[in-house]
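Hi everyone, thanks for coming. I'd like to walk you through one structure today, so please have a look at the screen.

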Amino acid sequence: QVQLVESGGGLVQTGGSLRLSCAVSGSILRINFMGWYRQAPGKQRELVANIHSGGSTNYADSLKGRFTISRDNAKNTVDLQMNSLKPDDTAVYYCNVVAVVGSGVINYWGKGTLVTVSS
């Protein structure tokens, strides 16, 4: 089975930094997109950033300049560097992968990692 494992979440003070990482494993033919979403308490899940296998990136407008997404195609990992964190960044962050497997194209989700930014 395809598995996504996130790491790097935790508690950080306002203005601090965290780096999230997502490792993908399983019977994957190729990965089209990798990215991060987040869901704050009482809110809908929203896009943070994603990156195409060719290197093109997409960020939420409000996060540009603070967050940076990167990808290692050889290792099948995607990272999210988060700087100048604010309390509003507190959320569960989910890794997302759009991959080609034997049965077709499937959208996979990790279990999530909690990021808490204290005031």
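Let's begin with charge: the protein has 11 positive side chains and 7 negative ones, with Lys and Arg counted as positive, Asp and Glu as negative, and His and the chain ends not counted. The centres of the two sets lie 3 Å apart, placing each charge at NZ of Lys, CZ of Arg, CG of Asp or CD of Glu.

A word on the source: this is a predicted model, where local features need pLDDT of at least 70, side-chain atom pairs count only at pLDDT 80 or more, and totals for chains, interfaces and linings use all residues. Residues are numbered from 1 along each chain as its sequence is written, and side-chain values use heavy atoms, leaving out hydrogens and water.

Now the fold: there are zero helices and eleven strands, where helices are DSSP runs of H or I with at least four residues and strands are runs of E with at least two, numbered from the N terminus. Of the 119 residues, 43% count as buried, meaning under 20% relative accessible area with a 1.4 Å probe and protein chains only, while exposed is over 50% and partly exposed is in between.

Which aromatic rings pair up here? Tyr 37 and Trp 109 do, edge-to-face, at 5.0 Å centre to centre and 65° between the planes; rings of Phe, Tyr and Trp (its six-membered ring) pair if their centres lie within 6.5 Å, with planes under 30 degrees apart stacked, over 60 edge-to-face and the rest tilted. Tyr 37 sits in strand 4 (residues 30–39) and Trp 109 in strand 10 (residues 104–109), so the pair ties together parts 72 residues apart in sequence. Trp 109 itself is partly exposed, at 36% relative accessibility.
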